[in-house]
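We will go from the whole chain down to single side chains.

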Amino acid sequence: ENNVRAKASTGKLELRDIKCNSLEAETSTGFIMLENVIAEGDIKINASTGRISLLCCLSYSLNVETSTGDVKLDSSDAETISIKTDTGDVMGYLLTPKIFDTDSDTGDIRVPQSGEGGFCKIRTDTGDINIEIE
């Protein structure tokens, strides 16, 4: 099985041009960037403080969690998406329609209304949610 795991305490964690079964990336205080990552199964990303950026990433399931940091998706997609950040914005472009379940205590929420597609759950306490379909 081709399972990729990457962990860093501080600094930038960049993973590019990877085809795998699953991918896990974790950092305490740092920036996580995935570019051109295709996973047949799950992509899981966990950060305490730091931005997370996904560019041209595809998977069956995408799970992103960060305490303080923005999450940016660009030309990325998954059948099931779950994103949680306490004090960060969630923004970007997905490739296919989703059924959105979003919540922000104090932020603005802008997502397309669709009755079809995979499931996309986004939670943020004090951030904005702005997702578009390409």
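Start with the cartoon: read along the sequence, the chain runs β-β-β-β-β-β-β-β-β-β-β. That is eleven strands and zero helices. Both are DSSP runs, numbered from the N terminus: strands are E with at least two residues, helices H or I with at least four.

This is a predicted model, where local features need pLDDT of at least 70, side-chain atom pairs count only at pLDDT 80 or more, and totals for chains, interfaces and linings use all residues. Residues are numbered from 1 along each chain as its sequence is written, and side-chain values use heavy atoms, leaving out hydrogens and water.

Now show the C-alpha trace. Along its principal axes it spans about 35 × 30 × 20 Å.

Next, colour by burial. Buried residues make up 43% of the 134 residues in the chain. Buried means under 20% relative accessible area, exposed over 50%, and partly exposed in between (1.4 Å probe, protein chains only).

Select C57. C57 is buried, with a relative accessible area of 2%. Which cysteine sulfur is closest to that of C57? It is the one in C56, 7.3 Å away, so too far for a bond. A disulfide needs a pair of cysteine sulfur atoms within 2.5 Å. By this rule the count is zero disulfides.

Move to C120. C120 is in no disulfide either; its nearest cysteine sulfur, in C57, is 15 Å away. C120 is also buried, at 1% relative accessibility.

Finish at F31 and R51. R51 lies over the face of F31, 4.2 Å from the ring centre. The rule asks for NZ of Lys or CZ of Arg within 6 Å of the ring centre and within 35 degrees of the ring normal.
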